[in-house]
Amino acid sequence: MSQVKENDTVKVHYTGKLSNGQVFDSSLEREPLEVTLGQGMLIPGFEKGIMTMELNEKKTINIPVAEAYGDVQQELLYEVKKEQLPQDMAPEVGMGLASKGEDGREVQFRIAEVKEDHIVVDANHPLAGHDLTFDLELIEIK
């Protein structure tokens with residue numbers, strides 16, 4: 001049977017869950033994920049979990065924070081005065097925001113807290129600080 005190795009291009013169906021069982025992403029209702037391994041396009045634990053899988057194999061992998069999106073970095077939490085927000089905006093926890101960095105690139109934030117005179121925005125990946133579980137099914141190896 002064919003087995004995955006580094007630099008293979010694979011198609012895999014996945015369902016990603018948090019440790020409490022909440023599903024945060026799944027490919028089951030769309031095309032499977034197609035990716036070339038060894039290119040740094042996947043979180044390390046996901047890629048490691050696919051390595052050595054065989055065609056049509058199904059398995060569940062558990063990825064610790066360090067092999068997923070890492071710990072929450074406190075230096076990526078910023079206070080923004082409410083007066084700096086658009087006047088018609090009613091900030092809510094979880095709301096997404098975007099801003100242009102000094103280099104002109106867009107930076108994505110989530111509102112982490114709403115205080116009386118300011119909000120706290122979080123530039124960490126939304127899955128930072130979480131252990132992840134993935135149900136995988138290897139569909140194709142190229």
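Which residue is buried yet has no salt bridge? It's glutamate 47, and it is found in helix α1. This is a predicted model, so take every distance here as computed from that prediction.

The nearest side chain of opposite charge to glutamate 47 is lysine 48, and that is 11 Å away. What does the side chain of glutamate 47 reach instead? It reaches the backbone nitrogen of glycine 38, at 2.6 Å. Glycine 38 also turns up when you list what glutamate 47 touches: leaving out residues up to four places away in sequence, you get Leu37, Gly38 and Leu42.

## The main core and its neighbour

Nonpolar side chains tend to be buried together in soluble globular proteins. Here the largest nonpolar core has 21 residues. Inside this core, Phe46, Ile50, Phe134 and Leu136 have the most contacts. Four elements each supply at least two of the core residues: β1 (9-18), α1 (44-50), β4 (58-63) and β9 (132-141). Apart from this core lies another, with eight residues, including Val80, Leu97, Phe109 and Val121.

Setting aside its neighbours within four places in sequence, phenylalanine 134 is in contact with Tyr14, Thr15, Gly16, Phe24, Ile43, Phe46, Lys59, Thr60, Ile61 and Ile63.

## Aromatic rings

How many aromatic pairs does a search of the whole structure find? Five. One of them is tyrosine 14 with phenylalanine 46, an edge-to-face pair at 6.0 Å centre to centre and 85° between the planes. This pair links distant parts of the chain, with tyrosine 14 in strand β1 and phenylalanine 46 in helix α1, 32 residues apart.

Both partners are buried: tyrosine 14 has a relative accessible area of 9%, and phenylalanine 46 comes in at 4%.

Back in helix α1, have a look at glycine 49. Its relative accessible area is 9%, so it counts as buried, the cut-off being under 20%. Away from its neighbours within four places in sequence, glycine 49 is in contact with Lys59, Ile61 and Leu136. From glycine 49 to asparagine 62 the C-alpha to C-alpha distance is 8.6 Å, and the two are 13 residues apart in sequence.

Asparagine 62 has a partner of its own: its side chain makes a polar contact, at 2.9 Å, with the side chain of threonine 133. Threonine 133 sits in strand β9, and its relative accessibility of 18% counts as buried. Not counting residues up to four places away in sequence, threonine 133 touches Thr15, Gly16, Lys17, Thr60, Ile61 and Asn62.

## Salt bridges

Side chains of opposite charge can pair when their charged atoms come close. The count for this model comes to 10 salt bridges. Take aspartate 8 and lysine 5, whose closest N and O atoms are 3.4 Å apart.

Lysine 142 is exposed at 53% relative accessibility, and glutamate 34 is partly exposed at 41%. The pair belongs to a network too: salt bridges that share partners join Lys11, Glu34, Glu140 and Lys142.

Notes. Residues are numbered from 1 along each chain as its sequence is written. This is a predicted model: local features need pLDDT of at least 70, side-chain atom pairs count only at pLDDT 80 or more; totals for chains, interfaces and linings use all residues. Side-chain values use heavy atoms; hydrogens and water are left out. A nonpolar core is a set of buried Ala, Val, Leu, Ile, Met, Phe, Trp, Tyr and Cys residues joined through side-chain atoms within 4.5 Å. Buried means under 20% relative accessible area, exposed over 50%, partly exposed in between (1.4 Å probe, protein chains only). Contact means heavy atoms within 4.5 Å. Rings of Phe, Tyr and Trp (its six-membered ring) pair if their centres lie within 6.5 Å; planes under 30 degrees apart count as stacked, over 60 as edge-to-face and the rest as tilted. Lys and Arg count as positive and Asp and Glu as negative; His and the chain ends are not counted. A salt bridge is a side-chain nitrogen of Lys or Arg within 4 Å of a carboxyl oxygen of Asp or Glu. A polar contact is a pair of N or O atoms within 3.5 Å; within protein, one must be able to donate a hydrogen and the other to accept it, and residues adjacent in sequence count only if both atoms are side-chain atoms.
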